[in-house]
Amino acid sequence: MEKIEQLRQWVNQSRHIVFFGGAGVSTESGIPDFRGVDGLYRQKFEYMPEEIISRSFFWRRPEYFYNFYRQKMLPLDHDPNVTHNVLARWEQEGKDVTVVTQNIDGLHQKAGSQKVLELHGSVLRNYCVSCRASYPAEFLRDAAGVPTCTKCGSIVKPDVVLYEESLNTKTLEQSVAAIENADLLIVAGTSLTVYPAAGLIRYFRGRHLVLINLDETPYDSQADLVLHDKLGNVFSKL
Ligand code: NAD
Ligand code: ZN
């Protein structure tokens, strides 16, 4: 049977679906990933991107952090693509679909998905590190230099999990529960190299594990179905 046809059948037959995605889900919306061919890691910066978006760098060089962040992580004018849209449609059609995402761009919600677990937070939420006042992403985009709280003057920080920071416990637990309960797990657009997120797929004990990614991943051999293709090519046929 053709691979896409197999996947379509499994989607139809499954009661609980988890879609576990990474940066590759949003490249077709124009947001670069980290490790793909046009990814940020292949561009030249004064520091490695992992270093810039780490907790210690944020506190040491906030001007530099925000300069990079504004250019590379904050563009807010992107739209969901066919993958985000099809996932939202399945949910609207009454399927139990949980999206567990490593992305911070908010595009699943923009497409209409309701059950979205954001393992690494979201650029759309930002807060003052002292008084916890919250700010929209536009506030960070439009601030000159380092954004500071209008109420108390402290630095405003994105609600994004930086390197050297730990994941939100509740989000992690909800993700484990959703994966444990799923009968179909679709893993897509992720190099599966960022932990602990990548380790979550070990909790799956359902029927079918499907991996969709342009490049090979360390988990290819464990999947029941592997598609090395663009997500847009796959989801436009689902
Ligand atoms: P990654 O950059 O490590 O890997 C992305 C993978 O997706 C690559 O293997 C690439 O081959 C594949 N890919 C790219 N475009 C694809 C497409 N159209 N169809 C199928 N596969 C495609 O990304 P990661 O594993 O998510 O880890 C990177 C970390 O960076 C994550 O923690 C995430 O939080 C963050 N990040 C987020 C965004 C975003 O929010 N859109 C963007 C860049 C990085
Ligand atoms: Zn404040």
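A: Contact here means heavy atoms within 4.5 Å. This is a predicted model: local features need pLDDT of at least 70, side-chain atom pairs count only at pLDDT 80 or more, and totals for chains, interfaces and linings use all residues. Residues are numbered from 1 along each chain as its sequence is written, chains are lettered from A and ligands numbered from 1 in the order in which they are written, and side-chain values use heavy atoms, with hydrogens and water left out.

Start with Thr 190. It sits in the loop between strand E7 (184–188) and strand E8 (208–212). Helices (H or I, at least four residues) and strands (E, at least two) are DSSP runs, numbered from the N terminus. Thr 190 has a relative accessible area of 5%, so it is buried. The scale is this: buried is under 20% relative accessible area, exposed is over 50%, and partly exposed is in between (1.4 Å probe, protein chains only).

Neighbours within four places in sequence aside, Thr 190 is in contact with Phe 20, Gly 21, Gly 22, Gln 102, Asn 213 and Thr 217. A polar atom of the Thr 190 side chain also lies 3.1 Å from the backbone nitrogen of Leu 192. For polar contacts the limit is a pair of N or O atoms within 3.5 Å; within protein, one must be able to donate a hydrogen and the other to accept it, and residues adjacent in sequence count only if both atoms are side-chain atoms.

Leu 192 belongs to the loop between E7 and E8. With a relative accessibility of 2%, Leu 192 counts as buried. Its backbone stands out: phi is positive, about 55 degrees, although the residue is not a glycine. Further along, the peptide bond from Tyr 195 to Pro 196 is cis, with omega near 10 degrees. Pro 196 again lies in the loop between E7 and E8.

Now cross to Thr 217. This residue is in the loop between E8 and strand E9 (225–227). Its relative accessibility is 8%, so Thr 217 is buried. Setting aside neighbours within four places in sequence, Thr 217 is in contact with Thr 190, Ser 191, Leu 192 and Leu 211. Its side chain makes a polar contact with the side chain of Asp 220, at 2.8 Å.

Next, the ligand. Ser 191 is among the closest of the 26 residues that surround ligand 1, along with Glu 28, Arg 35, Gln 102 and Asp 215. A residue counts as near a molecule or strand if one of its heavy atoms lies within 4 Å of it. The shell divides into 8 nonpolar, 11 polar and 7 charged residues.

Specific atom pairs can be named. A side-chain N or O atom of Thr 27 is 2.8 Å from a nitrogen atom of ligand 1. A side-chain N or O atom of His 120 is 2.7 Å from an oxygen atom of ligand 1. At Leu 231, a backbone N or O atom lies 2.9 Å from a nitrogen atom of ligand 1. Taken alone, ligand 1 exposes 850 Å², and the protein buries 95% of that. Accessible areas come from the Shrake-Rupley method with a 1.4 Å probe; for residues, only the protein chains shown count as cover.

A nonpolar core is a set of buried Ala, Val, Leu, Ile, Met, Phe, Trp, Tyr and Cys residues joined through side-chain atoms within 4.5 Å. The largest has 25 residues, and Phe 65, Tyr 66 and Tyr 69 have the most contacts inside it. Helix H3 (55–60), helix H4 (62–72), strand E4 (121–128), helix H7 (137–142) and strand E6 (156–160) each give two or more residues to this core. H4 gives the most, with 5 residues. Apart from this core lies another, of 24 residues, among them Phe 19, Leu 184, Ala 188 and Val 234.

Leu 7 has 0% relative accessibility and counts as buried. Beyond its neighbours within four places in sequence, Leu 7 is in contact with Ile 186, Val 210, Ile 212, Leu 225, Val 234 and Leu 238.

Notes:
Ala, Val, Leu, Ile, Met, Phe, Trp, Tyr, Cys and Pro count as nonpolar, Asp, Glu, Lys and Arg as charged, and the others, Gly among them, as polar.
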